[in-house]
Amino acid sequence: MPLLDVKDLSVTFARRGQRTVRAVDGVSFSVEAGEVVGLVGESGCGKSVTSLALMGLLPKQRGVTIGGSAMFGDTDLLKTDERTMRDIRGRDVAMIFQDPLSSLNPVIPIGIQVTEVLTRHRGLTGAKATAEATDLLNRVGIPDPTRRLKEYPHQLSGGMRQRALIAMAVACAPKLLIADEPTTALDVTIQAQILELLRGLVRDSGTALVMITHDLGVVAGMCDTVNVLYAGRVVESARRKPLFADPRHPYTTGLLGSVPRLDAGKGERLHAIRGSVRDVLPWPDGCAFAPRCDRRVDACVGEPPALVEGVHRHAYRCVNPESRTVEVPS
Amino acid sequence: MSTKTDKIDRLGELTAAKQDEHGVSLWTEAFRRVRRNPTALVGIAILVIFVLVAIIGPWVAPYSPTDFIGKGEVRSGQGIIPGPSAEHWLGYDHQGRDELSRLLVGARQTLLVGIISTLIGLTIGALVGGIAGAAAGLGGRVGRAVDSVLMRIVDMLLALPSLLLAVSIAALLGASLTTVMIAVGVVSVPIFARLLRGAMVAQANSDYVLAATSLGVKRTKIAIGHILPNSLAPVIVQATLTLATAIIEAAALSFLGLGNPDSATPEWGLMLAEAQRFLDIRPGLAIYPALGIIITALGFTLLGEAMREALDPKLRK
């Protein structure tokens, strides 16, 4: 049984006088213990909403509807009441956010923010909590942790802040960690360090990691399994190697093609997917990617393409998939 | 992690740490900026003098403020009130008491009225606003209802003209100095309540609240430990500014005859009220306490404005 089994997750936002938005539209994926799973896609494809839904952090208002199930052990994260959810958050499932500066409270020293979690879930107080917090900061690679504990977020560098947030997230050794674009706000050298740190934590503690990113470099370096999202649905899902070696969905190949390469020929133009995320076809009317797709055929429009399962659990949602092996010359 | 990048990172931290050596928290940083602001220094200087006078006034006053020492010389009915002289620098008041002594001693009452009425307003306002803000930000449906009820009451208070409200309260409780403090305090309650509530609602949507929630921190803890400390800056600025308006409003109420009817304890607003009858004979009697009130209010306002600038993150360099 997987650690986390998300089935048919859907999130809709309805506002009076505006059309209903299906931000997530039937996403299914599973995470095994100790596994790193990537959720990849461009802005607005439903990555962050998926993570917030799993954490139970979407606002509970009229108009926000969450469907499907997310089994975490015996509990369904989507249907658990708020009180139980508060116990689960931080202890069993924790999250790392995109912007480390705004995710830390600016007027409270780092130390208090770290020990708060330790007090909440592990009952540690006073000197014991401080000692554990020092140890945590040490583990995430913050030098001179005793001094850092007394400092405020604005006194730390960007990388340090993200390390502090990671320390808070792993403080209670959660079984599942959700990282929502953890390196987007950082510069490239720090990005590499943070990814290395996350990789180490996953390896050492057996924590499973859901990595939400738009950066295929991050995916290539970290993930065991990758789910590519487009307009709220998984369009391709595979182990890392087959995905990079043999991408089937035109959106995936488009993403891969738009990564700048060092070995590209001189003067070669960077590939871009034409159109923008706004040019979607609603899923019920066909493939949402069809308006931007170069391989569009008549069958793309009319009814939504089903998720086709290929070899080695390599699944894709396309009626005219790319294929490296079968290249038909015209 | 390669040792090279590690070293670079470490180097960056060392330099960053050096720049920040003095600054600790937002507040320390803010006070540092207030200290560097000349306007704030003027305000602080005025306030230091005012507070000093309020404390030592009774001891440095040349005469007793309640002694009718000039009784024989003053004929207020016939328009004779002796002006400044070598013995009495600011002359007598209409009952023959030494004006300078009354001013010096009256500073304490004036300061007390300002501070106590501001404290009344701040305490009740912050309590109401804090509860409403916490409820609105984190309480779900019940919380929003609590917030709505509290804020509509506050709105009703705010809808009444403040002077009318103060006069009604004073009329209800009977004229005394305590009444003035309560009336002025109640008038500032809705301002504090709205301000704190607004700041807390804004903070409730911030990323660090989401992050704390994602770590399972309890709602009350988030409200008190995270949202409240981030929402206090505007309230503190407002309190400083309210000290100025409270002194002026208290003077206005005294002027209208709602303050302490017994003129034995001198208070600037009361002195101003009494002087109006003799404005044509001795305008000085009105001008001295009025100047005192204006300068003190200016001091609080200058400091308040400087604090607003210092605490506003948008103005930080």
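1. Does A:Ala173 count as buried, partly exposed or exposed, and why? A:Ala173 counts as partly exposed because it has 15 C-beta neighbours inside 10 Å. Here a residue is buried if 20 or more other C-beta atoms lie within 10 Å of its own, exposed if 12 or fewer, and partly exposed in between, with C-beta atoms placed from the backbone. A:Ala173 sits in the loop between H7 and strand E7 (176–180) of chain A. Its phi is near 45°, a positive value in a residue other than glycine.

2. Some ground rules before going on. This is a predicted model, where local features need pLDDT of at least 70 and side-chain atom pairs count only at pLDDT 80 or more, while totals for chains, interfaces and linings use all residues. Residues are numbered from 1 along each chain as its sequence is written, and chains are lettered from A and ligands numbered from 1 in the order in which they are written. Helices (H or I, at least four residues) and strands (E, at least two) are DSSP runs, numbered from the N terminus.

3. Another positive phi to look at is that of A:Asp8, near 55°, again in a residue other than glycine. A:Asp8 belongs to strand E1 (residues 4–13) of chain A. Its 13 C-beta neighbours inside 10 Å are why A:Asp8 counts as partly exposed.

4. Now to A:Val36, in strand E3 (residues 36–40) of chain A. A:Val36 counts as buried because 25 C-beta neighbours fall inside 10 Å. Leaving aside neighbours within four places in sequence, its contacts (C-beta atoms, placed from the backbone, within 7 Å) are A:Val202, A:Leu209, A:Met211, A:Met222, A:Cys223 and A:Asp224. The C-alpha atoms of A:Val36 and A:Cys287 are separated by 28 Å, with the two residues 251 apart along the chain.

5. The helix pair H4 (residues 110–122) and H7 (residues 158–169) of chain A is worth a look on screen: the axes come within 9 Å and cross at roughly 20°. H4(A) is therefore roughly parallel to H7(A), the label for angles under 35 degrees, with over 145 roughly antiparallel, 65 to 115 roughly perpendicular and the rest oblique. Axes are lines fitted to C-alpha atoms, for helices over the stretch in contact, and angles run from 0 to 180 degrees between N-to-C directions. From H4(A), A:Ile110, A:Gln113, A:Val114 and A:Val117 meet A:Ala164, A:Ala167 and A:Met168 of H7(A). By class, this contact has 6 nonpolar, 1 polar and no charged residues; Ala, Val, Leu, Ile, Met, Phe, Trp, Tyr, Cys and Pro count as nonpolar, Asp, Glu, Lys and Arg as charged, and the others, Gly among them, as polar.

6. Chain B has 11 helices and 0 strands. Of its 317 residues, 45% count as buried.

7. Where the chains meet, 26 residues of chain B are in contact with 33 residues of chain A. Helices H1 (3–19), H8 (207–214) and H9 (219–255) of chain B each give two or more residues to that side. By class, the side of chain B that touches chain A has 10 nonpolar, 10 polar and 6 charged residues.

8. Finally, the largest nonpolar core has 179 residues, and those with the most contacts inside it are A:Ala164, A:Ala167, A:Met211 and B:Val180. Such a core is a set of buried Ala, Val, Leu, Ile, Met, Phe, Trp, Tyr and Cys residues joined through C-beta atoms within 7 Å. Beyond four places in sequence, B:Val180 is in contact with residues including B:Val113, B:Ala170 and B:Leu253.

Conventions:
Two residues are in contact if their C-beta atoms, placed from the backbone, lie within 7 Å.
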